[in-house]
Amino acid sequence: MEKVLMINYQKCTGCRLCELVCSVMHDGVSNPARSRIKVMKWEAEGLYVPMSCQQCEDAPCMNVCPVKAISRDEDLGFLTVDYDICIGCRSCVAVCPFGAMNYNIIDKKVFKCDLCGGDPQCVRFCEVKAIEYVDADRVSNYKKKDAAERLSAAQKEGAALQAAM
Amino acid sequence: MALNRKIAYIDLSTGDIEIKPIPLEVRKKFLGGRGLDAYLLLNHTEKGCDPLGPGNALIISAGILTATCASATARAHFMAKSPLTNLLGSANMGGFFAPELAWAGFHHLVIKGKAEKPVYIWIHNGEIEIRDAGQIWGKTTTDTQWAIRDELGDEDIKSAVIGPAGENLVTFANIMTGIKNSAGRTGMGCVMGSKNLKAVAVRGTMDIEIAHPVEALEYNKQFIDQITSAKVNQTQGTLGTPFIWGATNSWGGVRTRNFQYNQCEDADDIEPERIDEVCEETMGPYHMTGCFACQVHCRAQYKVPSGPLAGKYDEGPEYTSLGAFGGEPDCKNAETVFAGNHLVDQYGVDNLEIGSMISWAMELYELGILTNKDTDGLDLKFGNDEALLEMVERICFRKGWLGDTLADGGLPAAEKIGKNSFDYLIQVKGMNNLHSDERGTPALALNIATASRGSDHLRSRPAIDLYHLPEKVLRKIYSNPIPYDGPLSSEHTDYEGKAWEVYWQENCYMAVDCLGICKYHTVFLGATLPNFEDWPKVLYYNTGLEMSPEEIWDIAERCNNLERLFNLREGLKRDDLKKGDTLNHRYFDEPCRRGAPDIIGMSIDRKKFNKMLDEFYEHHNWDKNGVPTPKTLKRLGLDQEPSHLV
């Protein structure tokens, strides 16, 4: 079964350690501009949402690439850029609906999440588990559980109200 | 490389900007952050300079490890001569400003002069520009940050800014970034205001090469596990620092009613669990946030639950806001704490100092030293929430005689108010104490009396003294990295061996401030947290700098001596009640009246305190007046100061 990054943004504290370890892991430097993951912030509201590649099935980046430089890794299922073929036209950056295909102005290359070869460092370092690496079919599970909890709480509240009437 | 980050000298009078590298020999002597700031301050200001004049230097820095692959290195440091104390001004802040400064190519800024009109400094990938701040002047701390982002068209810009309090030269105005992060103490925002400097805005995308990236990454994981496994940090990450206030209050170690009492009774509405409830009600179950790359996440998010400010978003309230707007003025309403915390964050003022100043005024009012005429009719009694919040406004905007007077800081205000008002000002070196009571804990009393920036808990507090750790554990901590075989006591009420603990912690805190690490990641609150033996590895993997624990200790000691030299130059005298290493008479003369059996009736024994102070000086190899001996200065390589290496 393929595994994917599951992001529960509500848990994110906004610390951006994921951005730091991503750039260190891939490039040996600290620089969020090189990070494959980025925490989008609405600081005035206290809202933080980590954004990364969804590894789409029908991937726009792969479809749009004029030289077929983007392909899917057979073992782990992530989309990968072959820099020997890539011409740096940034069409993939333009079409990605999540902004997850990045462009690095220092090396003049597009870059994206490669799941760190199966041991995503963003997941490893996120103590609050805002990012987890799970089987693709489990992604909606925590939402089901949250919703179920709300349902059950509402039912209990309703019953209590009825009893009080 | 972290080591290739530069230093910039910015003269706001002339507009001149000079950028220089930081020589390796300077790194080896002072590392970076607060330590190098102290060197720069001593070298770039004249004796007796006016804190609000163009001759004062405002120094802004990141730690040497900031934005490397080391956890919780978000700290920015600010230094200048303090307009509050006329001695060392020094304040430290978390958030996301310092890493951005490092990615923009800089570790230290030395800002001198005074701009003719309001300006802000814009730093972007190695370039520095002084820009007009006419449109931004007058804005709150957050509006200032958003306005700069709008103007420059980049929402990733991080700014260190002042609010109205800094503009109005309130001597305890702070510098802020984000919603809550503050360089709170000693009036660094007032220095910015005096230079017509509204903000320093930074943005950087320059690589910081990690010397040994694979090892740095692995070691960081180990470091984080060590930090998050400590119970104290798990609790910090759930309840934030209010948990410390709550625990200390239940024992009897907080200040209330301007130090008349050491425990706030019937404080259910401001207990940490209640504060957490409001945060959860207004922000949901996940309402903790943190600074850059930190896994402790000690800061809560909330919206003011009710009252005129209902619905306003903010972060905190931390220990100090609970003290300032809860315990100390004896107000005890969650709404007041949340509202007061929001006001100080927006206006940019030190919550600790303003809370203490207002509580001092409340006691003076109840004693009749301040009258209705002085307060313009405000009923400034303890427990009057409305009067408390009104005074925050009056001080920040210097409204009315009392607001204007208190905005000058404790010592000038005491002179203006006259009578015996000074006796009730709970301060050291002109700065008010944390809202805690140290009468039952001699070690902590010595810490606040000798802290280099005036009464303070973040310069040398042996807070772990309260845990009654076995002597074996204390021995392990306190006899490394240099040997110590003198007395150590697990009993917090003892005087024996405490001078060594304070001396050791002073070096420990200086070391983390040079590295740029948060104090929750060292033995401040947890005995198992990293200290000298752990830092050489993190320093080596990230910067390539090879240093032993002893060498880091030596640097810390050197930098503490630099701060001492600055204070002595500016008039520190051992027993001077306004500029010395001593405490308000209440510590000695008025025993604690509330709390647990081990604290009721406690006060500091003056004779034993003086002996402890003598020992503290001896550990430093200072003379009996607290002056470093020529031999000590020579050993530390400080006998030629100012030496103008940078």
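Predicted model: local features only at pLDDT ≥ 70, side-chain atom pairs only at ≥ 80, totals over all residues.
Q: What makes a residue count as buried?
A: A residue is buried if 20 or more other C-beta atoms lie within 10 Å of its own. Keep that cut-off in mind.

Q: Which residues of helix 11 of chain B are buried?
A: Count along the helix. The buried residues are B:Y319, B:T320, B:S321, B:L322, B:G323, B:A324, B:F325, B:G326 and B:G327. That is 9 of the 9 residues in helix 11 (residues 319–327) of chain B, so this helix is largely enclosed by the rest of the structure.

Q: What do the buried residues of helix 11 of chain B pack against?
A: Look for neighbouring elements. Here they are four stretches of chain B: helix 9 (242–251), helix 12 (334–347), helix 13 (351–367) and helix 14 (385–396).

Q: How many of the residues in chain B are buried?
A: Now apply the cut-off to the whole chain. Buried residues account for 62% of the 646 residues in chain B. In chain A, 35% of the 165 residues count as buried.

Q: What does the radius of gyration say about chain B?
A: Set the value beside the one for a compact globule. With 646 residues, such a globule would have a radius of gyration near 26 Å; chain B has 23 Å, which agrees. The C-alpha atoms of chain B fill a box of roughly 60 × 60 × 50 Å along the principal axes.

Q: How many helices and strands does chain B have?
A: Chain B has 24 helices and 18 strands. Chain A comes to 5 helices and 9 strands. Read along the sequence, the order in chain A is β-α-β-β-β-α-β-β-α-β-β-α-β-α.

Q: What share of contacts in chain B joins residues at least 24 apart?
A: Take contacts between residues at least 6 apart in sequence. In chain B, 70% of these join residues at least 24 apart. On that basis, chain A gives 55%.

Q: At what angle do helix 17 and helix 23 of chain B pack?
A: For a helix pair, read angle, distance and handedness together. Helix 17 (residues 442–450) and helix 23 (residues 606–620) of chain B pack at about 60°, with axes 11 Å apart. The crossing is right-handed.

Q: Which residues make the contact between these two helices of chain B?
A: Helix 17 of chain B supplies B:P442, B:A445, B:L446 and B:T450. Helix 23 of chain B supplies B:F609, B:M612, B:L613 and B:F616. By class, this contact has 7 nonpolar, 1 polar and no charged residues.

Q: How many residues of chain B are in contact with chain A?
A: Count each side separately. There are 32 residues of chain B in contact with 23 residues of chain A. On the chain B side, strand 13 (208–209), helix 7 (213–228) and strand 14 (288–289) each give two or more residues. Helix 7 of chain B gives the largest share, 6 residues. The residues on the chain B side divide into 18 nonpolar, 11 polar and 3 charged.

Q: Which strands pair across the two chains, parallel or antiparallel?
A: Check the bridges and the direction. Strand 2 (residues 29–30) of chain A is joined to strand 13 of chain B by 2 bridges, and the strands run antiparallel. A:V29 stands opposite B:E209 in strand 13 of chain B.

Note on methods
Residues numbered from 1 in each chain as written. Chains lettered and ligands numbered in written order. Contact = placed C-beta atoms within 7 Å. Nonpolar A, V, L, I, M, F, W, Y, C, P; charged D, E, K, R; others polar. Pairing = 2+ DSSP bridges. Rg over C-alpha atoms; globule rule 2.2 N^0.38 Å. Buried ≥ 20, exposed ≤ 12 C-beta atoms within 10 Å, placed from the backbone. Axes fitted to C-alpha atoms, helices over the stretch in contact; angles between N-to-C directions. Left-handed = near helix turned anticlockwise from the far one by under 90°.
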